[in-house]
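Subject: Structure for you to look at, with notes

Dear colleague,

I am handing over the structure we spoke of, and below it you will find my notes on what was found. Please read them with the model open beside you.

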Amino acid sequence: TDTTDSQAVTFTGNLTIGTGMSSANQGSDNYNVVLNGASNSIAGTTTFAHGGSLTLGDGADTTDFAGGLVATAPSSITAQGTVKADGGTGVLTLGDGDTGLAVAGNLQVGGTSTGTIDLGDATLVDGATLTVGAGAANQIDLDAIAGTASGTASNLTINTTGVVTVTEAVSTDIANVTVTQSGGTTFEAVDTTTDVVLTNTTGTIAFNGLLNTPTLTTASQGYGVSLKGGSTITNAVTFSNTGTTQIGDATADTNTFDAGVTATAGAVTAAGSVVTSADNLVLGAVTLVDGQNLILNTNAGGAGNITVGSITGVAGGSTEDVTLVSGTGTIGVTGNIGTDIATLALQENTGTVSGAVTLGGDVTAATLSTFAQGYAVSLTGTTIAITNDTTFSNTGIITLGDATGDTLTFVGGLDTT
């Protein structure tokens with residue numbers, strides 16, 4: 001009920017309570033509560049309402065708040081070991097906007113209960129791993145996740161079949177972020193020193209803020225991946241997930257895959273600039289974002305090849321511009337390009353551009369732009385339809401059609417000189 005301010009009520013041995021547990025706050029009860037037993041079990045609902053600190057565990061301790069736990073009143077919370085709720089729908093709430101969570105060692109939050117897991121801003125000690133969820137159907141709500149600067153990097157693992165929302169950045173000496181499973185996960189900014197591993201999910205794993213990581217690893221599972229806030233990924237990326245991969249959702253987005261990118265296992269939605277550092281860019285069937293332009297560019301300090309299955313705009317909405325730039329690398333689109341495409345630009349007029357452009361499917365666009373560089377252009381689809389006057393400025397070979405039945409229509413005129 002009460003203790004002198006700044007003093008602690010400490011349980012050093014195992015604690016077993018057949019009902020719930022509570023700490024009172026009579027107005028200014030700033031005493032501390034410490035549970036340091038190796039194995040603790042509280043059957044009923046637990047609410048810590050005191051205003052001092054709360055410590056759960058001092059090593060590999062396990063505390064089961066079977067009826068659920070709410071701890072938002074303490075001035076600070078420190079935890080390590082396992083804090084769980086087994087059975088039922090008991091919630092686990094550790095901190096809020098005013099109370100943060102200090103992860104003092106490896107910590108797992110979650111048990112077999114399906115109640116919501118809600119953590120305040122979490123700061124991990126050097127080398128610690130925070131695992132949120134134990135595979136049950138918990139909704140998980142997280143705020144900021146941060147390691148401790150200038151030390152051994154820490155890790156975050158998410159494991160639930162429920163929906164996960166991380167409303168603030170995951171950053172500062174975080175080595176690995178792993179989504180073992182979820183019912184859909186939404187991150188804001190994520191910055192890691194080692195990797196992001198996306199093992200499985202129902203629905204989509206979305207990064208709404210900047211994703212910055214050396215390695216992004218996906219699995220051959222039916223979930224989607226969405227990069228809406230831009231990204232910089234150092235190593236080559238293969239999107240093995242068979243759900244939709246979204247790379248950008250606005251013209252201003254830039255997603256940089258320094259060592260190249262492959263996304264052919266599922267559908268692709270793309271907008272903004274998708275860039276490699278002179279490495280190959282391979283995409284399957286690409287759908288544009290309504291009213292947002294797309295640039296695929298591998299001409300950064302060299303050249304990479306661009307290979308795309310098809311490019312389709314959004315019918316009935318605003319138009320989109322598409323620019324394909326590969327420098328000395330080749331460009332190949334095997335399927336159709338069309339539906340509300342305003343300008344289709346092939347290569348650019350900077351540096352030395354010599355990569356041949358081969359468009360093997362139908363092409364429909366208002367404007368087709370080429371540049372005074374020494375590259376070839378080949379249009380061999382069955383139907384080519386360009387609305388505005390077309391001048392092929394490239395000085396390489398121009399191939400228009402490859403079969404008797406091909407129809408190429410340049411409504412505004414054609415100049416290949």
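Two residues are said to touch, or to be in contact, when heavy atoms of theirs lie within 4.5 Å. Please also keep in mind throughout that this is a predicted model.

Gly127 itself is found in the loop between strand S14 (122–124) and strand S15 (129–132), and it counts as partly exposed because its relative accessibility is 34%. To give a sense of distance within the chain, Gly127 and Ala250 are 123 residues apart in sequence, and their C-alpha atoms are 37 Å apart in space.

As for the chain as a whole, it has 51 strands and 0 helices. Its radius of gyration is 28 Å, whereas the globule rule gives 22 Å for 417 residues, so the chain is more spread out than a compact globule. Along the principal axes, the C-alpha trace spans about 90 × 40 × 35 Å. Of the 417 residues, 48% count as buried, and the accessible surface comes to about 15,100 Å², with 47% of it belonging to carbon and sulfur atoms. When contacts between residues at least 6 apart in sequence are considered, 39% of them join residues at least 24 apart.

Leaving out residues up to four places away in sequence, Leu130 touches a number of others, among them Val103, Leu107, Val109, Ile145 and Leu156.

Ser378, which lies in strand S46 (residues 377–379), is buried, because its relative accessible area of 14% is under the 20% cut-off. Apart from neighbours within four places in sequence, Ser378 is in contact with Val357, Thr358, Leu359 and Thr399.

The structure holds 4 aromatic pairs, and I describe two of these here. The rings of Phe48 and Phe65 have their centres 6.3 Å apart and their planes at 90°, so this pair is edge-to-face. The pair links distant parts of the chain, with Phe48 in strand S6 (residues 46–48) and Phe65 in strand S8 (residues 62–65), 17 residues apart. Phe48 is buried at a relative accessible area of 1%, and Phe65 also counts as buried, with 0% relative accessibility.

Phe392 and Phe410 likewise form an edge-to-face pair, at 6.3 Å centre to centre and with 80° between the planes. Here Phe392 sits in the loop between strand S48 (390–391) and strand S49 (398–400), while Phe410 belongs to strand S50 (residues 407–410), and the two are 18 residues apart. Phe392 counts as buried at 3% relative accessibility, as does Phe410 at 12%.

Finally, a word on charge: side chains of opposite charge can pair when their charged atoms come close. How many salt bridges does the count come to? The count comes to 1 salt bridge, which Lys84 forms with Asp86, the closest N and O atoms being 2.9 Å apart. Asp86 counts as partly exposed, at 26% relative accessibility.

Technical notes
Residues are numbered from 1 along each chain as its sequence is written. This is a predicted model: local features need pLDDT of at least 70, side-chain atom pairs count only at pLDDT 80 or more; totals for chains, interfaces and linings use all residues. Side-chain values use heavy atoms; hydrogens and water are left out. Helices (H or I, at least four residues) and strands (E, at least two) are DSSP runs, numbered from the N terminus. Buried means under 20% relative accessible area, exposed over 50%, partly exposed in between (1.4 Å probe, protein chains only). Rings of Phe, Tyr and Trp (its six-membered ring) pair if their centres lie within 6.5 Å; planes under 30 degrees apart count as stacked, over 60 as edge-to-face and the rest as tilted. A salt bridge is a side-chain nitrogen of Lys or Arg within 4 Å of a carboxyl oxygen of Asp or Glu. The radius of gyration is taken over C-alpha atoms; the globule rule is 2.2 Å times the number of residues to the power 0.38. Accessible areas come from the Shrake-Rupley method with a 1.4 Å probe; for residues, only the protein chains shown count as cover.
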